[in-house]
Amino acid sequence: MAGSREPDSSDARRRASDESAQPRGNRLVFHIGGACLGIAMPLLGIIGGAQWSYAARERQEVEASAIARARDVAAAVDRELVGLTSSLDVLGTAASLQRGDVPTFGEMMAAVSRRTGVVPILRDVDGRQIINPLLPAGAASPEPRILDIDREALRTGEVQVSNLFDERSTGAPVFALELAVRRKDQAAYLLGIAVPTDRIRAGIAPLAAGDWSVSVVDGRGRLIYGTDPDVKSGDRVAPLPEGAARLRQGLFVREEAGSPRVVAFARSERSGWTVSVETSQDAYEAPLRRSLEFFGLAAGAAILLSLAFAVVASRRLARSLVSLADRAQAVGRGETVAAEVPTSVAEVDEVARALDNAGEEVRRRIEAEEAAAEAGRRVLSTFETIGEGVAAIDRAGTFTYLNGLARAAFAGDADVVGRPVREVLPPSELPGLEVLLTKALQDGALQRGEIAHAPADRWYEIAAVPSAAGCTVFFRDVTERRRSIDAREMMVRELHHRVKNTLATVQAIAAASSRTATDLDEFRDTFADRIVSLSRTHTLLREQSWEHVDLRQLVAGETAAYDEAGRVRIDGAELHLPSGLGMTLGMALHELTTNAVKYGALSAASGCIAVSWMVTADEDGEPRVRLTWSESGGPPVAEPTWSGFGSQLLGKMLARQFGARVERDWDPAGLRVVIDTRLGA
């Protein structure tokens, strides 16, 4: 009994596990059905769009055909009017009329009327009738009148076509063509033709067949000809819409007895009459309805076929997937499974055969990855504590790792892993680093070098260690060492330059003294005084180089040797400078003074120098001194084309050590230099 309870308990746990692992998503039939619909719907959309485009093109063709028919009817009307116009032109140029032989011309008019069916009428320019075949014999002529068409004919000298009107003798609706006949370059007669509407009907009747009805309407809205049996010639018809009335041709829809009708129209070029053809909107939209009905049937059939395929395919695939799931659960439990799985899907069989190998491979890979991750964590922990910047760069030039010091120095503590080195480092630093990395990868050996990191004004010694993945680069900050080397080089250059400047200054003093001295004794005394003043300046700098230096004494000491008759003006409150700033600023003043003696205001007897300063505060409340050096009365000043030691001293040493801003204005009237620097030690 005890032996039988254990399998029962195991089976119960397995069943509970299987029940908890039951899928909660949609069944396979829904996914396959959705996939089928996802394929079918775009295809149906494409087919529907094609059907819609076809129907639209067909409708456009119907519209174009309707407008073309309206233009054809209008052309037929114009052809009939051209024929009548030709007849009228022939009558107007008759020799009898040009001679004024009215009886002979009357006989000609009667012959034309009998032959053509039109009635010519001759009037004078005041509108009085001269010949009217429609007027009964012995009847009095009607009152003379001049119509708008008569005025237009007299004005243009061309044949004019009238709107429809009722003939006074018969009451029948007719229209007229009117021509002003000229004799001896003057209008002598008004020759008109009264034309019955049947003449227009005969010309366009062959074009009025088909589903589209045809009508010709004059400029006042009266029907000249129409195929609608309920409307007679002379009746008023519905006008064109306001927008269409201004067009030469077009198409619109209007309501007639609650039924929409599509109307195409065109204008007669000769008369301005409107020719329209129309049909019901049902007939007009029949091609589109047929296309939509066909598409609806096709879409319904495609959807039904897709769903039927989804049901059949999902049932077959579901049986194979259930078998594969059972095999996967057995592999997960560590059970031995058959090498072959009898399913109807070859891909499922391949997945099943791969499960055993994949499980073992995954276990080995996880163990290896955990070991590698632990080793990597130990290496990264070492990199974070070695006190140097460390960065890993792959062979494509992309950062794959930076320790804290490297991030702080080159990326501002930003995460730049995955970004190219070219996007992180300034362009000025890239050439040296890239050469180092390339050589390390090519030679497969450690490479060393240095780069200057401009944003932080730091120097770094680099060691690039190649590996299969790229290079590991170590950065050691050697800024202080480089600054010490630069300072020593600067002091040596300054000593050499100061000796040269001292000799030049002595020479300039001798020259200035000789120009102003009247005898040898005066020259000796003046020259000796200036040499002593120069000596005092050097003594002041040497004695106070390690303590605070009074700015006024510093300026006076450098310029005292040239202060003749107030040529040097000093203006500023008492100010003690730190020793470092005092020495550097004294060097700058020495350079400015020497330059003024050589080339500037002090090289001329009338030249003057003004030195002033004031104390300000920056945005952080730290004190700053603003010193201004101004020269005047000397030779014209021009900006030099080369940069000497003095310019480098002003532009680099003051800016780098004290964050000074140096402005130089090469005004032809005199050099002006402004030095704005902080007062910190």
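**Sheets, helices and burial in a predicted model**

An open sheet of five strands is found in the order β13-β12-β16-β15-β14, and its pairing is antiparallel. The strands β13 (399–402) and β14 (447–453) lie at the edges with a single partner strand each, so one side of each has no neighbour in the sheet. From one strand to the next, the twist averages 25°. Within this sheet, strand β12 (residues 389–394) pairs with strand β16 (residues 470–477) in the antiparallel sense, over six bridges. Strands of a sheet pair through backbone hydrogen bonds, in a parallel or an antiparallel manner.

The structure is a predicted model. For the protein chain, the mean pLDDT is 76, and 73% of the residues reach 70 or more. Over residues 1–7, pLDDT stays under 50, and the model has one contact beyond four places in sequence for this stretch. Where pLDDT is low, the predicted coordinates should not be read in detail. The secondary structure of the protein chain consists of 17 helices and 23 strands. Of the 681 residues in the protein chain, 36% are buried. Among the contacts with a separation of 6 or more, 54% are between residues 24 or more positions apart.

Another open sheet is formed by five strands in the order β8-β7-β11-β10-β9, with antiparallel pairing. Its edge strands, β8 (223–226) and β9 (249–256), each pair on one side only. Neighbouring strands of this sheet are turned against each other by 25° on average, direction ignored.

Eight bridges connect β9 with strand β10 (residues 259–267), and the two run antiparallel. Across this pairing, V253 is opposite V262 in β10, and R254 is opposite R261 in β10. β9 and β10 make up a hairpin with two residues between them, and A257 in the turn has a positive phi of about 55°. On to strand β11 (residues 274–280), β10 is joined by seven bridges, again in an antiparallel arrangement. A266 has V275 in β11 as its bridge partner. β10 and β11 also form a hairpin, here with six residues between them, and G272 in the turn has a positive phi of about 80°. Strand β10 is mostly covered, with seven of its nine residues buried.

Helix α4 (residues 102–116) contains 15 residues and spans 21 Å from its first C-alpha to its last, close to the 21 Å expected at 1.5 Å a residue. Its buried residues are F105, G106, M109, V112 and S113. Seen down the axis of α4, these buried residues fall within an arc of 120°, so they line one face of the helix. An α-helix has 3.6 residues a turn, so residues three or four places apart point the same way. On the other side of α4, the exposed residues are P103, E107, R114 and R115. G117 follows α4 and has a positive phi, near 85°.

In helix α5 (residues 148–156), the buried residues include I149, D150 and A153. These residues cover an arc of only 105° around the axis, which puts them on the same side of α5. The buried residues of α5 pack against β1 (119–124), β3 (160–161), β5 (173–183) and β6 (186–196). On the face of α5 turned away from the buried side are the exposed residues D148 and R155. After α5 comes G157, whose phi is positive, near 75°.

T677 belongs to strand β23 (residues 670–678). T677 counts as buried because its relative accessibility is 1%, and the cut-off for buried is under 20%. Leaving out residues up to four places away in sequence, T677 touches L581, R624, V625, F658 and A660.

Terms used
Residues are numbered from 1 along each chain as its sequence is written. This is a predicted model: local features need pLDDT of at least 70, side-chain atom pairs count only at pLDDT 80 or more; totals for chains, interfaces and linings use all residues. Side-chain values use heavy atoms; hydrogens and water are left out. Two strands pair if DSSP finds at least two bridges between them. Helices (H or I, at least four residues) and strands (E, at least two) are DSSP runs, numbered from the N terminus. Axes are lines fitted to C-alpha atoms, for helices over the stretch in contact, and angles run from 0 to 180 degrees between N-to-C directions. The expected span of a helix is 1.5 Å times one less than its number of residues. Buried means under 20% relative accessible area, exposed over 50%, partly exposed in between (1.4 Å probe, protein chains only). The arc is that of the directions from the helix axis to the C-beta atoms. Contact means heavy atoms within 4.5 Å. pLDDT is the predictor's confidence in each residue, from 0 to 100.
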